[in-house]
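Got the viewer open and the sequence panel showing? Let's take a walk through this one, one selection at a time.

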Amino acid sequence: MAEQVLNYDVQDHVGVITLNRPEAMNSLNYQLYAELEDAVRGSTARALVITGTGRAFCAGDDVKEILGSSEPPPAEFKARGARTGGLTPAADALLYTDIPVIAAVNGAAVGWGMELALMADIRVASEQARFGELFVLRGLCCDAPGLGLRRTTEPDWRDTGRWAIEQITRLRQTEDSREGVRAFLEKRDPVYVGR
């Protein structure tokens, strides 16, 4: 039986999506990405609130599973990406829903966790909330929402997402990206060489 990585409850027409991997600071693995996309696409609520269990909102990608693995992404994950033209499927669901989205940021929102907060229409942050676009520390660039902050106020999300995935794929092939992931997993500062 798969771990329950996302809880979805509806109360008074408000859907509450709770990322439920507190032991991993709600970092997104392939299962959580898929469940997040499905919860948003399948919702009939009048508003959505996204939050996290435990001390973090979302610590971004699960470095071990997504960045640290030499295995290709699961076929289902690739198929989901193909349907969105390159934009991360969960991002596509959030950016193209007509349901208002509120991010209830209860702790760290870093990497894709900050992207998740940026995709919300409204962000409410607790005093424990911390935000960071930490992609550069892993030798990567941010995803489409962080790029929408820099590129335009009315972006073509799929075009921006396609560009971001192309860049991330290219950057993941560099020595510096691999060093960024190794340094994270080994709990040390990275030593970059510019390649």
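Start by selecting V110 and G132: the latter, in β8, is the bridge partner of V110. Before going further, note that this is a predicted model, where local features need pLDDT of at least 70, side-chain atom pairs count only at pLDDT 80 or more, and totals for chains, interfaces and linings use all residues. Residues are numbered from 1 along each chain as its sequence is written, and side-chain values use heavy atoms, with hydrogens and water left out.

Now widen the selection to β6 (residues 108-110) together with β8: these two run parallel, paired over three bridges. Strands here are DSSP runs of E, at least two residues long, and helices are runs of H or I of at least four, both numbered from the N terminus. Two strands pair if DSSP finds at least two bridges between them.

Next, show the aromatic side chains. How many aromatic pairs does a search of the whole structure find? Three. Rings of Phe, Tyr and Trp (its six-membered ring) pair if their centres lie within 6.5 Å; planes under 30 degrees apart are stacked, over 60 edge-to-face, and the rest tilted.

Zoom in on Y30 and F77: the ring centres are 4.7 Å apart and the planes sit at 65°, so this pair is edge-to-face. Y30 belongs to helix α1 (residues 30-42) and F77 to helix α3 (residues 75-83), so the pair links parts of the chain 47 residues apart. Slide over to Y33 and F77, with centres 5.8 Å apart and planes at 55°, so this pair is tilted. Y33 is in helix α1 too, so its pairing with F77 in helix α3 ties together parts 44 residues apart in sequence.

Color by accessibility and Y30 shows up as buried, at 12% relative accessible area; Y33 and F77 are buried as well. Buried means under 20%, exposed over 50%, partly exposed in between (1.4 Å probe, protein chains only). Finally, select Y30, Y33, F77 and W112 together: ring pairs link them into a cluster.

Zoom out to finish. The chain has eight helices and eight strands, and 49% of its 195 residues count as buried.
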